[in-house]
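Please look through the structure shown below with the following walk in mind, which moves from helix packing to strands and then to single residues.

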Amino acid sequence: MRFTWTVLIMLSVGLPIRAAEPPNLAQIGVPFVAKYCVSCHGEKKPKADISLHTLTCDLSKPKELQVWQAVLAQIDSRDMPPKASKQPTDNERTQLLQSLTAAIKASGVVLDDNKWLSPVKGNYVDHQLLFSGVPAKEITGTKARLWRITGPAYEDYIDKLIKRFILGLRNYGEFRLTAPWNFTPQKDFPDYASAHRVGEAEIEYLLRNAAIVSQAMIKRHSGNVPSYGGYIKELATLIKAGMKATPEQADAVLTPTFRELFGREPSDREKERYGTFLRNTTASLGGAEAAEQLLIALLCQTEMIYRIEVPNKLGTPQKLDARSLSRSLAFALTDQLPDQLLQEAVAQGKFGTREEVAIQVRRILDDAKVEKPRVLRFFREYFGYDSAPNVFKDEVTLQKIGVRGARGWNADFYVSDADQLVLSVLAQDRDVLRELLTTTKTFAMTNPPQDRRGTKSDEYRLKKPNFEQDEQTLIKVYELPIKARADWDPKKTYDFPEGHRLGLLTHPAWLVAQSGNFDNHAIHRGRWIRERLLGGRIPELPITVNAMLPDEPHHTLRDRIKVTREEYCWTCHKQMDPLGLPFEQFDHFGQFRKEEMVVDREATADKKNLNKNGLPRQTIHKLVPLDTTGEVSGSIDPKLDGPVKDPFELIRRLAHSEHVEQVFVRHAFRYFLGRNETMADGPTLIAAHQAYRKNGGSMKALITALLTSDALLYRTNQ
Ligand code: HEC
Ligand code: HEC
């Protein structure tokens, strides 16, 4: 028998689904518009040339459909009615959205239901409403879901299994049994519960891994009883019996195998499903084959691939059962299954109340021996500095800063130095966000993770007399007084020169990540600040716009970006460009500068520089004065608005804002809960922000608040 993924799906659990009937548009839409919109979009001088007073609800008319779609977009984004006008209640809004969405879909238009779940829509819930302090009417919780575990978590499980049973598989290098998914750095948090489905290709891959491990397990349980490592007696008995295996022998296997693989008993449903499967396979194919098929099925089980966050009973909301909750907690902080102490707490019934969960969260956060890669990953993804190595710098560009050859540039160093900085700030756990935004320190040339075991380890490099080319570049970019190896300590922080840097946004890792091949990316930098610190949102770049700056190397970036001052462009770009331009303080390698270099057209075209064919021998550059001014405008907290003279003034203002802290908390919520926040999560966010503040800007307190919130503890079916 060939084991296919359809068999697996049959053996897997499903999510309960319950759909409610949406209210009818005709009853809701017309009164809604009359109440909130026609004062501006009526008969006389309608705003934006859109009249809404004549709307019927007949969406078979193209014009009618078009207008209702525009209305949907405005209600969805909360852009209309304008802030100063009377606002519909949340209930009215929700009802209109439901009926309108249903009606538009019924007319044949395809709408993306998951649009609002996407990470880019994170800031769309109104910030002031969210933090308005209206108490939750009821327990809020998170929708029932399956959340794919991380690649490293899957790999860790397989690796431990191989070691525990001494399976003799070479699980390293090209033979390593890897997860079919892993995250590449991107602009937003890539690991949202709603973002990934495990498809056929991934299942095939997992199946192959499961088959390799299962065959090794069968081999291990055949022949003599080994005196070392893990061992399942009943499995060996079934295998040895071969074609003579009895149904009783088949039955005996299930429970001990579940215990060994998953650390739990099979449920009644599983006993029945897997039991029948096992007896049938034993009868037709014999004990060995049945054992193998069982192992394959179990190693591709839903819980191998997902955090299962589905309530046991219908009725809403329900507390997640202790075991699922313990897994969700472990996977929120680590890339491993629940550790010994957490498992014990579950077994002893001491992991259910909020306080009991808090005890475990604090224990894991406080124990330096428990690795918590998910916490560092949050900061990597929030700041986005980890994509620096993806930004290609070519040799000609490198030569401009005096680096010859691509070997002189290694952006991995910048990322690992930023990692170490984050970890050291986390170790202090005081004013974490402000510290990250305003520290003037850096680590230098710490090891990139991928090099730790290789020839570039700290120990190895410490023994070398001279710095490599890439190390020399780094010392120059950081402007550190390191002359010789003897001056260097990879475990130490160094001070950047006075007044040249302030926090991660001026760290070369972030600056390089937010740059292009030849230029700074002022627009992206501005967007980052607008979204990640100010909590603003910018509509996506329209596809009709040719988003290219003029190719004029004799002009500064600040000059070239003036194309976005055109009225149409400026509605979006005024929210980004003035926030990103202060970072012109640095070049696109992250070097501090006092002047800017541009092409000198006159000197390049001068007779003295032309060869006999009349072409310039070389491109000649000149220095022009640097302009680092910018402006904060249109922020939710008006105290933040106003001009800034340089990036340092900008950063200081942001770093001391409570509003910015709240926006940070919103992002932490999204990352640790794997979804966007909704209005109902307001109280959770306020509590998390309070916890952070009251504990002196403690990330531990913030994470504890999030991971003991209703959003983690409760699941709803709707
Ligand atoms: C106080 C006056 C006012 C009210 C009330 C108002 N609008 Fe508007 N609306 C405007 C103005 C001004 C514009 C054009 C400028 C803009 O987009 O901000 C506009 C633009 C629009 C647009 C076009 C947007 C675009 O970008 O194409 C739509 C659609 C719209 N409104 C729908 C609504 C709906 C639906 C309501 C009721 C829920 C509403 N408006 C209530 C003033 C108003
Ligand atoms: C509806 C909002 C909006 C409008 C209107 C708009 N842009 Fe943009 N633009 C954006 C966003 C958002 C980005 C950032 C995209 C990203 O993050 O990659 C962007 C990026 C850019 C970039 C940088 C592209 C890159 O990735 O290097 C340029 C150049 C640009 N816009 C030019 C223009 C010009 C010129 C106009 C007017 C003709 C314009 N934009 C109008 C939203 C807008």
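In this predicted model, helix H13 (residues 322-333) and helix H16 (residues 373-383) have axes that come within 5 Å and cross at roughly 55 degrees. Because angles of 65 to 115 degrees count as roughly perpendicular and those under 35 degrees as roughly parallel, H13 is oblique to H16. On the H13 side the contact is made by Phe-331, Ala-332 and Leu-333, and on the H16 side by Pro-373, Arg-374 and Val-375. The residues of this contact of H13 with H16 divide into five nonpolar and one charged, with no polar residue among them.

Helix H9 (residues 247-262) packs with helix H10 (residues 268-285) at an angle of about 135 degrees, and their axes are 9 Å apart. H9 and H10 are therefore oblique to each other, and H9 passes H10 in a right-handed crossing. From H9, the contact is made by Pro-247, Ala-250, Asp-251, Val-253, Leu-254, Thr-255 and Phe-258, while H10 contributes Glu-270, Lys-271, Tyr-274, Gly-275, Leu-278, Arg-279 and Thr-282. Sorted by kind, the residues of the contact of H9 with H10 are seven nonpolar, three polar and four charged.

The strands come next. Strands of a sheet pair through backbone hydrogen bonds, either parallel or antiparallel. Three strands of this model form an open sheet in the order E1-E11-E4, and the pairing in that sheet is mixed. Its edge strands are strand E1 (142-143) and strand E4 (318-319), each of which pairs on one side only. E1 pairs with strand E11 (residues 714-716) in the parallel sense over two bridges, and Lys-143 stands opposite Thr-716 in E11.

Strand E2 (residues 145-148) has Arg-145 and Trp-147 pointing one way and Leu-146 and Arg-148 pointing the other way, and all of these residues are buried. In a regular strand the side chains alternate between the two faces of the sheet. E2 pairs with strand E3 (residues 306-309) in the antiparallel sense over four bridges, and the bridge partner of Trp-147 in E3 is Arg-307.

Thr-150 is found in the loop between E2 and helix H6 (151-164). Is Thr-150 buried or exposed? With a relative accessibility of 5%, Thr-150 counts as buried, because buried means under 20% relative accessible area. Not counting residues up to four places away in sequence, Thr-150 touches Trp-181, Phe-183, Asp-191, Asp-335, Arg-374 and Arg-377; among these, Arg-374 also takes part in the contact that H16 makes with H13.

Two residues set in helices complete the walk. His-667 has its place in helix H29 (residues 658-673) and is buried, with a relative accessible area of 3%. Leaving aside its neighbours within four places in sequence, His-667 is in contact with Asn-123, Phe-189, Phe-378, Tyr-382, Glu-531 and Arg-532.

Arg-362, which lies in helix H15 (residues 354-366), is partly exposed, its relative accessible area being 40%. Apart from residues up to four places away in sequence, Arg-362 touches Glu-355 and Thr-704. Between Arg-362 and Arg-164 there are 29 Å in space, C-alpha to C-alpha, and the two are 198 residues apart in sequence.

How values were computed. Residues numbered from 1 in each chain as written. Chains lettered and ligands numbered in written order. Predicted model: local features only at pLDDT ≥ 70, side-chain atom pairs only at ≥ 80, totals over all residues. Heavy atoms only, no water. Buried < 20%, exposed > 50% of the residue type's maximum accessible area, 1.4 Å probe, protein only. Contact = heavy atoms within 4.5 Å. Pairing = 2+ DSSP bridges. Axes fitted to C-alpha atoms, helices over the stretch in contact; angles between N-to-C directions. Parallel < 35°, antiparallel > 145°, perpendicular 65-115°, else oblique. Left-handed = near helix turned anticlockwise from the far one by under 90°. Nonpolar A, V, L, I, M, F, W, Y, C, P; charged D, E, K, R; others polar.
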